[in-house]
Amino acid sequence: MLEITSITLREIRLPLREPFRISSGTMTERRIALLELHDASGVSAWSECVADDTPNYTSETIDTAWLAISNWVAPRVFGRTFDAPGDVFAVLEQDFRGHLMAKAAVEMGMWGVEATRLGVPLARLIGGTRQTIPVGISLGIQASPAQLVEKVRAALAEGYRKIKLKIMPGKDVDFVRAVRAEFPTAPLMADANNAYTVDDAGALVAMDDLNLMMFEQPLAWEDIVRHASLQKMLRTPICLDESITSLARAQDMITLGAGRLINIKPGRVGGFAESLAIHDYCEAHGVPVWCGGMLESGIGRAYNVALASLSNFHKPGDLSPSARYWAEDVVTPEWTMSTDGMVTVPFDTPGIGVTVNVDRIDALTVRTVTLNR
Ligand code: OSB
Ligand code: MG
């Protein structure tokens, strides 16, 4: 039985060690909303909202999420008892449209509370089985192909199992070709974050012979149908990210042949219950999934790592170690990667598997509010 009595919401600012450029914008510092949920039994757990400063990934931002959590999401869970965290999302979907990152932050926190309350690791609570998960790196758009080649060289030397290259029109074929020429067998893929249309898909066709693992989200952020047309033009599998906001969209993708893989980010789909539903549906239909990232702090990463321990996560996840993003993370131990590119799922630790460094968070906090019934 779960009953949330209060949620402390705060905003921290974490400077990235280097700017991260994607087709729709550049991030230099993460504004991150963190939640601490308190249960009637005295248990508490931390969670993270992945919404960023500006609406250039989805329409949500940290400020819309702050409003949504304060005004609708938190009040909806207060004063209710839930048999299981898997029941929470359906309640949040009643009457409230969208705001999936805001909903996910609360819903996932309730999975964290339940794991803590039961004294089981989060990965075990959701049915995860993989003890270690292969890690991929997502490399932002660089100034020149030569600079990108050096970034890839360093990432391969660190042990990464998959290298994702961000692309956009004008920074695509030459960049990816240069990397492929230097590393003929490296596990490469490209992510466009919606930068193309079917009409200018020539660049994608030009990269079709580069043996890429996949093209991630080439077309518009809410498109399915045009991706199906594009997939027919390409041998390289399409992987959808932004377009998959629910189980229904995953079903649409598979039915229409709009893609052959899904990048699951729990924050994008409203939390763990919907992520599990997508995972199970894809598994039953022979469609592999993998775990994406949103430049989370170590708190959000804990949830992603747990999710990626499920059986149908078949490609390396965007689960880079803490030190790739931050001078210092907000959790102990920090997330690390072995020299052969694996992250270990904390199956020996109850709850989310890391200790939250509250002093560090206090020092980084720029605003906070405590919500209760
Ligand atoms: O498209 O997967 C994406 C980061 C912010 C917004 C969108 C994306 C990304 C990444 C980063 O690719 C993955 C990571 O957390 O390392
Ligand atoms: Mg993506």
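Here are some notes on the predicted model, point by point.

1. Ground rules. This is a predicted model, in which local features need pLDDT of at least 70, side-chain atom pairs count only at pLDDT 80 or more, and totals for chains, interfaces and linings use all residues. Residues are numbered from 1 along each chain as its sequence is written, chains are lettered from A and ligands numbered from 1 in the order in which they are written, and side-chain values use heavy atoms, with hydrogens and water left out.

2. The metal site. Asp191 (OD), Glu216 (OE) and Asp241 (OD) coordinate the magnesium ion (ligand 2) at 2.1 to 2.3 Å. Donors here are N, O and S atoms within 2.8 Å of the metal (3.2 Å for Na, K and Ca), and sites may look incomplete, since water is not among the atoms. Along the chain the spacing of the donors reads D-x24-E-x24-D. Aspartate 191 sits in strand E7 (residues 188–191) and glutamate 216 in strand E8 (residues 215–216), so this pair ties together parts 25 residues apart in sequence. Helices (H or I, at least four residues) and strands (E, at least two) are DSSP runs, numbered from the N terminus. Aspartate 191 and glutamate 216 are both buried, meaning under 20% relative accessible area; exposed is over 50% and partly exposed in between (1.4 Å probe, protein chains only).

3. The aromatic rings. Rings of Phe, Tyr and Trp (its six-membered ring) pair if their centres lie within 6.5 Å; planes under 30 degrees apart are stacked, over 60 edge-to-face, and the rest tilted. The count by this rule is three aromatic pairs. In one of them, tryptophan 111 and phenylalanine 272 have ring centres 6.0 Å apart and planes at 55°, so the pair is tilted. Tryptophan 111 belongs to helix H3 (residues 100–118) and phenylalanine 272 to helix H11 (residues 272–284), so parts 161 residues apart in sequence are tied together. Phenylalanine 272 is buried, at a relative accessible area of 0%. Phenylalanine 272 also pairs edge-to-face with tyrosine 303, at 5.9 Å centre to centre and 65° between the planes. That pair links helix H11 to helix H12 (residues 298–307), 31 residues apart.

4. Charges over rings. Which residue lies over the face of tryptophan 290? Lysine 162 does, at 3.2 Å from the ring centre. Arginine 367 lies over the face of tryptophan 66, at 3.8 Å from the ring centre. The rule asks for NZ of Lys or CZ of Arg within 6 Å of the ring centre and within 35 degrees of the ring normal.

5. Domains. The assignment gives domain 1 (4–119 + 354–372) and domain 2 (124–344); such bounds come from an automatic or database domain assignment. Their contact takes 41 residues from domain 1 and 49 residues from domain 2, counting heavy atoms within 4.5 Å. The C-alpha centres of the two domains lie 23 Å apart. About 3,800 Å² is buried between them, with carbon and sulfur atoms giving 66%; this is the accessible area (1.4 Å probe) that two parts lose on being put together, summed over both.

6. Backbone spots to check by eye. Most residues other than glycine have a negative phi, and most peptide bonds are trans. A cis peptide bond joins threonine 332 and proline 333, with omega about -10°. Asparagine 193 has a positive phi of about 45° and is buried, with a relative accessible area of 3%. Leucine 295 has a positive phi near 55° and lies in the loop between strand E11 (289–291) and H12.
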